[in-house]
Amino acid sequence: MDSPKILVVEDEKVLAVDIRNRLQNLGYTVPDITDSGEEAIKKVAETHPHLVLIDICLSGKINGVQVADIIQNNFDIPVLYLTEYSQEPTLHKQQLTEPFSYILKPIAERDLHVAVEMALYKHEIEKKLEEKHQQLTAIINSMGCAVVVCDTNGCVQIMNPVAEQLTGWKQNEAIGKDLTEVFSLIDNEMNEPIENLAKLAIKADAVLSLPENCTLIAKDGRQIAIGDSVAPIRDDDGKITGAVLVCQDISKRKHKEAQLLRNAFYDGLTALPNRILFTDRLRQAIERSKRRNDYHFAVLFLDLDGFKAINDRFGHQMGDNFLVAIARRLELCLRGGDTVARFGGDEFAILLEEIKDVSDAINVAKRIHESLALPLNLNGHDIICTASIGIALSGSKHNEPESLLRDADIAMYRAKHQGKARYGIFDEAMTR
């Protein structure tokens, strides 16, 4: 840059002129000298110097320290104090003891040169750091996800607006607090609080992903599903200086996943388990029976009698409403641990677990018949529909769900051929 401009503020005229001459000899530009604080502020506004050399003790209403505060706060111009040994305690009282913030009188030209250069260099570095900080802050604030920066103790240093909105904490409230206080997280799988993630990432010296089922408890008690990661922050030398947590609200994604999962395993009309989920539970029951000799179960296959006539007479919308009502009645006929599924159309399957013998399955079939015998009132119409039920009991020959379902289906068709509202129990003679 061009020769730095320096304003000299010194109430001893001879000393002020001497300092100006020395500075000019060193290659600096001194546009003016002044002896009062009030005048110094005006000169700064007019000339915009790169540095102000100012005596601690000035004539006038305000002293050098007060003038320096005004200059630094309003013009962002560095200040180098001129002081004598006897004035050092004043500097200490004003907390101006940082390196290269003042120079002692009498002033040697070499010391003056070093002090000025260091003051200018220090200000330039601080400006660059501030610009970097502002740039980083702008980047963090413009991010669409929550960002929380912590120190090595796991305490909050920076939060962007998205993090404030997500947690309910303002940055000025959160700074200095432990991350777990501001970012209170629950691992839903373990049903327990998550430790300070910043500390964990620093200790592991690695990027850590948040648990898959992670919930943030906001300041107002809201529970928000979040996801992403936390990573250590390193300086240019590779030393860890903190950690940064980056996350986002994934509630919509979780909701969509739950919907997709539900669509994959549950019937869209009745909300009952579908064939896929029923088959999986039946497979588990078969495996359980292989491990436990005292474990018995049964499969009931159910087909509504005359459902096509209901559809033809009242229309498909009424038919759908009827199927939903039937599903609710079937649920009421079962215990909590049993499963009723819709296989499609007017076909349903039931898995009865932990039964003693065939009599338990027969009792459920009878209970279903009794329930269906009661009319259903839909849109002012009383509708009665019976069902044919086939029963297949667990046994050593059943290694796959399909074999049990086949046997229950065979028993159901035998019952339907014998008349409506009947149940049948599978035996080997049916396949001959």
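Colleague: What reaches the backbone nitrogen of Ala 198 at the start of α9?

Modeller: A side-chain oxygen of Asn 196 comes to within 3.0 Å of that nitrogen. A polar contact is a pair of N or O atoms within 3.5 Å, one able to donate a hydrogen and the other to accept it, and residues adjacent in sequence count only if both atoms are side-chain atoms, so the pair of Asn 196 and Ala 198 qualifies. This is a predicted model, in which local features need pLDDT of at least 70 and side-chain atom pairs count only at pLDDT 80 or more, while totals for chains, interfaces and linings use all residues. Residues are numbered from 1 along each chain as its sequence is written, and side-chain values use heavy atoms, without hydrogens and water.

Colleague: Which residues of α9 are called buried, and why are they placed on the same side?

Modeller: Leu 197, Ala 198, Ala 201 and Ile 202 are buried, meaning under 20% relative accessible area with a 1.4 Å probe, protein chains only. They cover an arc of only 135° around the axis, which puts them on the same side of α9; the arc is taken from the directions from the helix axis to the C-beta atoms.

Colleague: What makes β15 and β20 edge strands?

Modeller: The open sheet has the order β15-β16-β14-β19-β20, with mixed pairing. Each of β15 and β20 has a single partner strand, so one side of each is left without a neighbour in the sheet.

Colleague: How do you know that β15 and β16 pair?

Modeller: Two strands pair if DSSP finds at least two bridges between them; five bridges join β15 to β16, so the pairing, which is antiparallel, meets that definition.

Terms used: Buried < 20%, exposed > 50% of the residue type's maximum accessible area, 1.4 Å probe, protein only. Helix = DSSP H or I, 4+ residues; strand = E, 2+ residues; numbered from the N terminus.
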